[in-house]
Amino acid sequence: MPLDERAVVISNTCVARDTYEIELLAPVIASEGKPGQFVHAHVAPTSAPLLRRPFSIYDADPLSGKVWLLYRVRGLGTGMMACLRPGDEMDMMGPLGRGFTLPGCEHPCPALGASVLVGGGVGIAPLVYLARSLVKAGASPVVLYGASSQEDLAARGRLSDTGAPYHAATLDGSAGFRGTVVDLLESRMWSASPRRKSPGRLERSAAASPPSFIYTCGPEQMMATVAAYAQARGTPGEASLEAHMACGVGACLGCARKLKPSAHGEIGYAKICRDGPVFPLDAVEFDAAGGEEARP
Amino acid sequence: MSEIDLSVNLGGIHLVNPVVMASGAFGYGSDYADFVDMASVGAICVKGTTRRPRLGNPPPRIVETPCGMLNAIGLENPGIEAFLSEHLPRLRAGGATVIANIAGTSVEEFAEMAAMIDAADGVAGIELNISCPNVREGGMHFGSDPGLVHEVVMAVKGATSLPVMPKLSPNVGDIVAIARAAEAAGADALSMINTLVGMAVNIDARRPVLGNVFGGLSGPAIKPVALRMIYEVHREVRLPILGGGGIISSRDALEFLMVGASAVSIGTAAFVNPGCTAQVLSGIRGYMERHELTRLDRITGAALIR
Ligand SMILES: Cc1cc2nc3c(=O)[nH]c(=O)nc-3n(C[C@H](O)[C@H](O)[C@H](O)COP(=O)(O)OP(=O)(O)OC[C@H]3O[C@@H](n4cnc5c(N)ncnc54)[C@H](O)[C@@H]3O)c2cc1C
Ligand SMILES: Cc1cc2nc3c(=O)[nH]c(=O)nc-3n(C[C@H](O)[C@H](O)[C@H](O)COP(=O)(O)O)c2cc1C
Ligand code: FES
């Protein structure tokens, strides 16, 4: 059952350009939160900013009761969050929303095979906890992690700790593959080989069979391309989406998102907070031109 | 000192306490089931409901503003039949006092919906949404013309024996004229205020942020406007007022009571803090204890300069 938990800040560190990792003590969210679910954080007890801010669960440890969030400073709310110090408190509603489909939830789950997790920028956040959970469930996921430059690869440390191999792609080529993370996905220059855990040398890999399942989170444009890639190959997958939220629980109807007409021919708006944030890749109408809800 | 009585008679709607969930803040109750005990609030004004299901406006639908938010939901709702058959029974089972909020596209449609609610069991009163800024047909257009307000209230009163409470729009020149028209037509109470029309611009895309261009401003930013309007209306009109607009604390709520509200509604603040209705209520109780007041009507209108 989701709740309003008073989380205590343990640490709040700048881990990459404009990007912070905050470690919080929030035992209920830590034990109940699933990969892909989010918390709705009240970053300051003031009326500016007024609304809560949604953040994906970046990592969680039920045993120690700790939760981690990875956030990029974009405006007032995240700017104030960056000022939180150890011992400060932050109200968090959560865990909220529907997370990713994990092996065991669905039988047979295609993600048990060679699933690929494609993350861009802070969109990597929900994929880290997902990778950890997939490995724990006995699956062999590969993470493809894209950013503009080496200085933006905020999640490298935590990613290598999940046990899943990952490969980085940077636009300027300063680390890993040069190009977008989707170029990397298409290049097949990645594999699930557990030996290659760091974004080191890449080579065309025979082991890189087409993914059986794709999970993605990142800028709208990136997810649109991933969706097109999956559709062309008939690969199932899921994407975590973003929208401005007020309530975070489905009451205000503010976070509407158009889904493709369903099998019954109905067209409607899904609520990202309650029906998502994770949706099947083939259900979403992506805006390839960008869309303003993009996570950089 | 005798017991504190927090109950309110809002024009025939009996409220166990004066703190009400504003329409659109609580959906039809189920989304907040984990956070709020429905029986603990004075009443729940349910999401604005129309005769037929409505899809609502294209996204983006909300944007934050200084100390407030703009919304352009566009009355997305499943229609009155689904409200009565699916949602009302659940709300009642949860112990809620339900105020139906209806939005018609014509006077006849308002009356038709009122009759349907009358025939169903378990609604305590009807709030007439003649003030939604986000729909093309109907909506605010009804609430900005005293003649139309009179017509709608008369028609609804003729269709139901339930208490009828028009919800007034602040987007008018003379709010007192609108309130007077509602009173003359037999309204039992007034709900004040709905959102103020506003907009926001996305400077990167060089276009309005909201899919609907304009939206309704709510939250602390509108409190001074709401207080002023309730003050003006309470001086001139005898109807009890459900007052709201930017309430986030019991201090805010007390200000509304003191300018003439008999009960208060909370919308936006509930998104931020689902437990705020309970906090507001206990703050009001604390104030009454400190000032040795046993009844709310000692507070209502107390700040009026006569
Ligand atoms: C389910 C979900 C999970 C998210 N997870 C993460 C995450 O793990 N890490 C991360 O850095 N960001 C995440 N975001 C985005 C994050 O919520 C916004 O970046 C943040 O709210 C910006 O707040 P701000 O006050 O700094 O920005 P503002 O100054 O308010 O605005 C800057 C920009 O932030 C975005 N934004 C503002 N308010 C919201 C809101 N309520 N919801 C969504 N976007 C908003 C808008 O695009 C806006 O243009 C997530 C969003 C959603 C919906
Ligand atoms: C997201 C949202 C949806 C709303 N929907 C309705 C509605 O359906 N019917 C209605 O009469 N008022 C609606 N309102 C207006 C509120 O009930 C309330 O009058 C207004 O928000 C001012 O109060 P507040 O500042 O406490 O939110 C809505 C407000 C918001 C923020
Ligand atoms: S944020 Fe309120 S419905 Fe999703």
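Which polar backbone atom lies 3.2 Å from an oxygen atom of ligand 1? In this predicted model, the atom in question belongs to Leu76(A), whose backbone comes to 3.2 Å from that oxygen atom of ligand 1.

**Ligand 1**

Two further contacts of ligand 1 involve nitrogen: a polar backbone atom of Ser56(A) is 3.0 Å from a nitrogen atom of the ligand, and a backbone N or O atom of Ala243(A) lies 3.1 Å from a nitrogen atom of ligand 1. Taken alone, ligand 1 exposes 850 Å², and the protein buries 88% of that area. The space that ligand 1 takes up is the largest pocket.

Around ligand 1 there are 24 residues, of which Arg53(A), Pro54(A), Leu70(A), Gly77(A) and Thr78(A) come nearest. By class, this shell divides into twelve nonpolar, five polar and seven charged residues. At least two residues of the shell come from each of three elements of chain A, namely strand S4 (53-56), strand S6 (66-72) and helix H2 (76-81), and the one that gives the most is S4(A), with four residues.

**Ligand 2**

Ligand 2 lies between chains A and B, and it sits in the largest cavity. It is surrounded by 23 residues, the closest being Ser23(B), Lys167(B), Gly219(B), Gly246(B) and Thr268(B). In this shell, seven residues are nonpolar, 14 are polar and two are charged.

The polar contacts of ligand 2 listed here each involve one of its oxygen atoms and a residue of chain B, as the table shows.

| Residue | Part of the residue | Atom of ligand 2 | Distance |
|---|---|---|---|
| Lys167(B) | N or O atom in the side chain | oxygen | 2.7 Å |
| Gly219(B) | backbone N or O atom | oxygen | 2.8 Å |
| Gly267(B) | polar backbone atom | oxygen | 3.0 Å |

On its own, ligand 2 has 610 Å² of accessible area, and the protein covers 97% of it.

**A loop residue of chain B**

Where in chain B is Thr49(B) found? Thr49(B) belongs to the loop between strand S4 (43-45) and strand S5 (62-65) of that chain. Its side chain reaches the backbone oxygen of Lys47(B) at 2.8 Å. Is Thr49(B) buried or exposed? Thr49(B) counts as buried because its relative accessibility is 2%, and the cut-off for that term is under 20%.

How values were computed:
Residues are numbered from 1 along each chain as its sequence is written. Chains are lettered from A and ligands numbered from 1 in the order in which they are written. This is a predicted model: local features need pLDDT of at least 70, side-chain atom pairs count only at pLDDT 80 or more; totals for chains, interfaces and linings use all residues. Side-chain values use heavy atoms; hydrogens and water are left out. A residue is near a molecule or strand if one of its heavy atoms lies within 4 Å of it. A polar contact is a pair of N or O atoms within 3.5 Å; within protein, one must be able to donate a hydrogen and the other to accept it, and residues adjacent in sequence count only if both atoms are side-chain atoms. Accessible areas come from the Shrake-Rupley method with a 1.4 Å probe; for residues, only the protein chains shown count as cover. On a 1 Å grid over the protein atoms alone, a cavity is a set of points where a 1.4 Å probe fits but cannot get out, and a pocket is an open set with protein on both sides within 12 Å along at least five of seven lines; lining residues have an atom within 4 Å of a point. A molecule sits in a cavity or pocket if more than half of its atoms lie within 2 Å of its grid points. Ala, Val, Leu, Ile, Met, Phe, Trp, Tyr, Cys and Pro count as nonpolar, Asp, Glu, Lys and Arg as charged, and the others, Gly among them, as polar. Buried means under 20% relative accessible area, exposed over 50%, partly exposed in between (1.4 Å probe, protein chains only).
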